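Here are my notes for you, written to be read with the model open beside them. Take the points in order and find each residue as you go.

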Amino acid sequence: MQKKISKLPFNGTQEQADQLKAIIEENKHDKSRLMTVMQKAQDIYGYLPMEVQQMIAEGMDVPLEKVYGVATFYAQFSLSPQGQYNISVCLGTACYVKGAQTLLDALKEQLEIDIGECTPDGKFSLNACRCIGACGLGPVMTVNDEVFGKLTSDAVAGILAKYKD
């Protein structure tokens, strides 16, 4: 699945920029530390927007294309902000044949976002994954670390309501 770049404006603070600059300064002597810097940047910002990738590329003296390549290759990196509640729908074979796509479509409609996006209020982000190992419970979705199984699209509104307040 291709990662989506955030449509939301970047809202980094000077404090975050200062933290990142300090991390880059500690590591810029060794280009093999690029991934470490990127991980720490994501810890600071919660994701790796293009503005942060540019700061890393310039500070580490590596091409922006390399930073972007690492960010898009490794699943641990996100190019868009993650919501307070990260929803992930399993699209593995067992869940898919049991209706996971219908579940995902209902979430997209109710949250008014697509896969890889975050609601404008920062409350929910929506992702899809290949398998979480709960095939007998399919279709399955998670909200942060909580697992919901044997779902239908009718259950989506009730689950979302649990997290809206």
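The points below go from the whole protein down to single residues.

1. Ground rules. This is a predicted model, so to speak: local features need pLDDT of at least 70, and side-chain atom pairs count only at pLDDT 80 or more, while totals for chains, interfaces and linings use all residues. Residues are numbered from 1 along each chain as its sequence is written, and side-chain values use heavy atoms, with hydrogens and water left out.

2. The overall layout. You'll find seven helices and four strands in the protein. Helices (H or I, at least four residues) and strands (E, at least two) are DSSP runs, numbered from the N terminus. From that end on, the order reads α-α-α-α-β-α-α-β-β-β-α. The C-alpha trace spans about 50 × 30 × 20 Å along its principal axes.

3. Of the 165 residues, 43% count as buried. Buried means under 20% relative accessible area, exposed over 50%, and partly exposed in between (1.4 Å probe, protein chains only). As for contacts (heavy atoms within 4.5 Å), take those with a separation of 6 or more: residues 24 or more positions apart account for 64% of them.

4. Helix H4, the buried side. Which residues of H4 (residues 64–73) are buried? They are Val67, Val70 and Ala71. Seen down the axis of H4, these buried residues fall within an arc of 100°, so they line one face of the helix.

5. Lys66 and Gln16 are 50 residues apart in sequence, and their C-alpha atoms are 22 Å apart in space.

6. Aromatic pairs. The structure holds four of these. Rings of Phe, Tyr and Trp (its six-membered ring) pair if their centres lie within 6.5 Å; planes under 30 degrees apart count as stacked, over 60 as edge-to-face and the rest as tilted. Why is the pair of Phe10 and Tyr45 tilted? The ring centres are 5.7 Å apart and the planes lie at 45°, so the pair gets that label. This pair links distant parts of the chain, 35 residues apart: Phe10 sits in the segment before helix H1 (14–27) and Tyr45 in helix H2. Phe10 is partly exposed, at 28% relative accessible area, whereas Tyr45 is buried, at 11%.

7. Phe73 and Tyr74 make an edge-to-face pair, 4.9 Å centre to centre with 85° between the planes. Phe73 counts as exposed at 65% relative accessibility, and Tyr74 is partly exposed at 35%. Elsewhere, ring pairs join Tyr85, Phe124 and Tyr163 into a cluster.

8. Gln84 lies in the loop between H4 and strand S1 (85–90). Is Gln84 buried or partly exposed? Partly exposed, with a relative accessible area of 47%. Not counting residues up to four places away in sequence, Gln84 touches Gly122, Lys123 and Asn144.

Terms used: The arc is that of the directions from the helix axis to the C-beta atoms.
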